[in-house]
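This report covers helix packing and ligand contacts. The sequence and structure are shown first.

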Amino acid sequence: MRIAVVGTGYVGLVTGTCLAQLGHDVTCVDSMPQRVDAVNQGTPPFYEPGLAELLTEAIQAGRLRAVTDVAGAVAASDITILAVGTPSRGGEIDLSYLSAAAEQIGKGLRDASGYPVVVVKSTVVPGTTDTVMRGILERVSGRRAGSFGLCMNPEFLREGSAVADFMDPDRIVIGQWDGPSGCGLAEVYSSFDCPKIFTTLRNAEMTKYASNALLAALVSFSNEFAALCEATPGADVDEVLSALHLDRRLSPMHRGDRVTPGILSYLRAGCGFGGSCLPKDVAALRDFARKQGVETRLLDAVSAVNAGRPAQLVALAQNAVGTLRGAAIAVLGLAFKAGTDDLRDSPALAVIRLLEEKGAVVRAYDPLITKLDGFHVCASAREALTGMDAAIVVTAWPEFAAFDWTALSAIMQRPILIDGRNALRGAVIPESTTCVSIGRHFEPQGVAVAI
Ligand code: NAD
């Protein structure tokens with residue numbers, strides 16, 4: 001099929017590249033010419049394992065190209081998939097990118113032949129596709145929904161494993177304006193042998209929020225226990241949650257072997273959820289509920305627990321170091337999670353800001369991120385740690401646990417490690433190094449606690 005993908009970010013480029021891999025003819029569209037140029041050269045504008053190779057293959061096979069002309073791409077396609085950003089503006093969903101793109105798609109629909117189908121893949125609050133999106137498309141194209149198809153198809157891929165997630169989906173949710181709309185989109189996914197759920201546009205929109213709200217709730221649940229364990233001498237959140245995981249309702253036995261479902265990775269303590277989805281989606285859902293007159297006491301608490309995590313981590317550092325005023329602190333990890341270079345809403349940014357507000361001198365290192373506006377990012381962990389009073393692990397990069405901590409502790413002014421993800425458990429750490437884990441009670445020894 002001829003497919004236009006509007007928005008060439010994490011979701012759009014992965015979607016376009018994978019659809020080309022499945023044999024479709026794909027035109028990726030983005031409003032940023034430098035992004036389009038990079039894609040045409042086979043260079044994804046962000047890091048995603050396996051994407052560059054597939055993109056190059058698709059371009060060489062003539063099955064994918066990138067352009068800036070939305071209307072032209074839509075007019076020449078059977079299916080248009082919209083994957084522009086839907087960020088948060090003061091907690092409310094910002095639909096300005098979606099609306100601007102919809103205007104252009106509407107223009108393309110005027111010249112599109114046959115029965116073109118427009119698919120919203122961006123995460124949008126319930127009602128957006130059949131009101132905002134449909135309204136713009138109908139007004140600009142002069143066509144009524146029904147003469148073109150309209151679907152809402154939420155995306156569940158995870159950054160860091162996006163290609164694998166897209167190519168092997170758990171399920172495909174197809175919200176449809178009418179039957180022919182859903183049939184048109186189902187053809188795109190005909191080679192996938194997974195459950196396909198045909199439903200209303202609003203159910204599809206709501207399903208995405210339900211998924212992300214559950215993940216966010218599990219993270220905040222775990223972090224509430226981390227705080228409780230920190231206040232309870234003898235308690236250790238990792239041991240508590242690991243024992244919880246072994247409940248057969250969470251990790252069932254199958255033919256004598258224990259199955260470890262992926263969801264358990266969200267039942268772990270850390271320094272809070274970040275990234276381009278969970279924080280803004282929980283905020284948008286709460287705002288949507290408020291406008292419907294519905295209270296969201298659970299989601300309010302999920303957000304509040306999460307918002308407090310960076311400060312809790314900085315408090316642990318202060319407790320271990322004594323005072324942060326004038327202290328030199330290394331932050332290890334900037335990305336919101338390991339396996340990506342995405343900095344959006346990363347807890348590391350909040351940790352750095354809080355440390356600086358308390359007068360600390362901060363350096364950072366991340367295996368993938370080399371630049372951060374207004375902040376010096378070190379080229380190596382050795383550079384970040386040299387002469388420092390403490391290091392805080394904020395992203396659970398596996399290589400941090402494999403570091404030679406005997407050598408690295410020796411180059412620090414005071415070897416104090418604050419493990420904000422409990423990512424160093426299992427690492428070989430010299431006895432002379434103080435290691436503070438989250439979710440475990442810590443008594444500072446021989447340091448003056450700041451007042
Ligand atoms: P992104 O910011 O990485 O990419 C959006 C792209 O759209 C940018 O390249 C931007 O230049 C382009 N764009 C904006 N307006 C445009 C227009 N009018 N015409 C053409 N291009 C335009 O965003 P993302 O992370 O890919 O997320 C996209 C959507 O998918 C969001 O709604 C997000 O919530 C949802 N989502 C994201 C993920 C994820 O892991 N990133 C997962 C599932 C769902």
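## Helix 12 and helix 13

Helix 12 (residues 297-321) packs against helix 13 (residues 347-357) at an angle of about 50°, with the axes 9 Å apart. That angle makes helix 12 oblique to helix 13, where under 35 degrees counts as roughly parallel, over 145 as roughly antiparallel, 65 to 115 as roughly perpendicular and the rest as oblique. Axes are lines fitted to C-alpha atoms, for helices over the stretch in contact, and angles run from 0 to 180 degrees between N-to-C directions. Helices are DSSP runs (H or I, at least four residues), numbered from the N terminus.

The crossing of helix 12 past helix 13 is right-handed, meaning that the near helix is turned clockwise from the far one by less than a right angle. Pro310, Ala311, Leu313 and Val314 of helix 12 meet Pro347, Ala350, Val351, Leu354 and Leu355 of helix 13, a contact being heavy atoms within 4.5 Å. By class, this contact has 9 nonpolar, no polar and no charged residues. Ala, Val, Leu, Ile, Met, Phe, Trp, Tyr, Cys and Pro count as nonpolar, Asp, Glu, Lys and Arg as charged, and the others, Gly among them, as polar.

## Basis of the model

The model is predicted: local features need pLDDT of at least 70 and side-chain atom pairs pLDDT 80 or more, while totals for chains, interfaces and linings use all residues. Residues are numbered from 1 along each chain as its sequence is written, and side-chain values use heavy atoms, with hydrogens and water left out.

## Helix 6 and its partners

Helix 5 (residues 96-111) and helix 6 (residues 129-141) have axes that come within 8 Å and cross at roughly 40°. The two are therefore oblique to each other, and helix 5 passes helix 6 in a right-handed crossing. The residues in contact include Leu98, Ala102 and Ile105 of helix 5 and Val132, Met133 and Ile136 of helix 6. By class there are 9 nonpolar, 3 polar and 4 charged residues.

Helix 6 also packs with helix 9 (residues 201-230), at an angle of about 115° and with axes 10 Å apart. Thr129, Asp130 and Thr131 of helix 6 meet Leu201, Arg202 and Glu205 of helix 9. These residues divide into 1 nonpolar, 2 polar and 3 charged.

## Ligand surroundings

The ligand is surrounded by 28 residues, the closest being Asp30, Arg35, Thr86, Glu159 and Lys280; a residue counts as near if one of its heavy atoms lies within 4 Å.

A backbone N or O atom of tyrosine 10 lies 3.1 Å from a ligand oxygen, and a side-chain N or O atom of arginine 35 is 2.8 Å from an oxygen atom of the ligand. A polar side-chain atom of glutamate 159 lies 2.8 Å from a ligand nitrogen.

Note on methods. Polar contact = N/O pair within 3.5 Å; in protein donor to acceptor, adjacent residues only side chain to side chain.
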